[in-house]
Amino acid sequence: MKDMERLGERLKIRRAQPEEAEARFRWFSDPAVTEFLPLAGERILPLENIVEFLARASRDDDPNLNICIELLSGRLIGCGGLREIVPGESAEVSVVIGERDVWGAGYGREAMQLLLREGFDALKLRAIWLIVREENFRAVRLFSQLGFAVTETLEAAVVVKGIPRTKLRMRLEASEWRRSA
């Protein structure tokens, strides 16, 4: 996949680069940031693993699109991407805003909208899907507002701190996205 960059009103998304490893290490070491991620605030990814991941993710031949979320000022605030891409069909989307001081400012929405544009307009996908923990109310509300619909409820899909948690599989069809965009 070739280099990409999409500009929004207040931020841009672009292909991830190895020099972002320290910022990502800081984000993924913060239990508040990882609370609803598969890490669930319970373990820390070694910096070496992040460096290796970004070295692969920044290559043009990586089949996934791993992105950095950056304010127009140049400040890194998060990451995400499209993975499990089936050309012309579907992909899984994710966004993580790692800088807590910008939470609640709408950057996650803007980054998600830019990723949806990349997926539907540039990659010509027919659907984009995601999996989110049911109790991540802010994320579920955002995804619903963007047009995602719950297609499957995965009861007790993960155990966090000894408590079974439910996950939701949500999906957005290109036709629905274009109607609401």
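Student: What makes Glu89 partly exposed?

Tutor: Glu89 has a relative accessible area of 34%. Buried means under 20% relative accessible area, exposed over 50%, and partly exposed in between, with a 1.4 Å probe and protein chains only, so Glu89 at 34% is partly exposed. This is a predicted model: local features need pLDDT of at least 70, side-chain atom pairs count only at pLDDT 80 or more, and totals for chains, interfaces and linings use all residues. Residues are numbered from 1 along each chain as its sequence is written, and side-chain values use heavy atoms, leaving out hydrogens and water.

Student: Why is the contact of Glu89 and Arg126 called a salt bridge?

Tutor: A salt bridge is a side-chain nitrogen of Lys or Arg within 4 Å of a carboxyl oxygen of Asp or Glu. For Glu89 and Arg126 the N to O distance is 3.0 Å, so the pair meets the rule.

Student: How many salt bridges does this rule give?

Tutor: The count comes to 17.

Student: Is Glu20 buried or exposed, and how do you know?

Tutor: Glu20 is at 3% relative accessibility, so Glu20 counts as buried. Arg14, at 17%, is buried as well. Their side chains meet in a salt bridge, 2.6 Å from N to O.

Student: Which residues are linked with Arg14 and Glu20 in a network of salt bridges?

Tutor: The network also holds Glu5, Lys12, Arg24 and Glu70.

Student: What makes Glu99 buried?

Tutor: Glu99 has a relative accessible area of 10%, so Glu99 is buried. Its salt bridge partner Arg26 is partly exposed at 44%.
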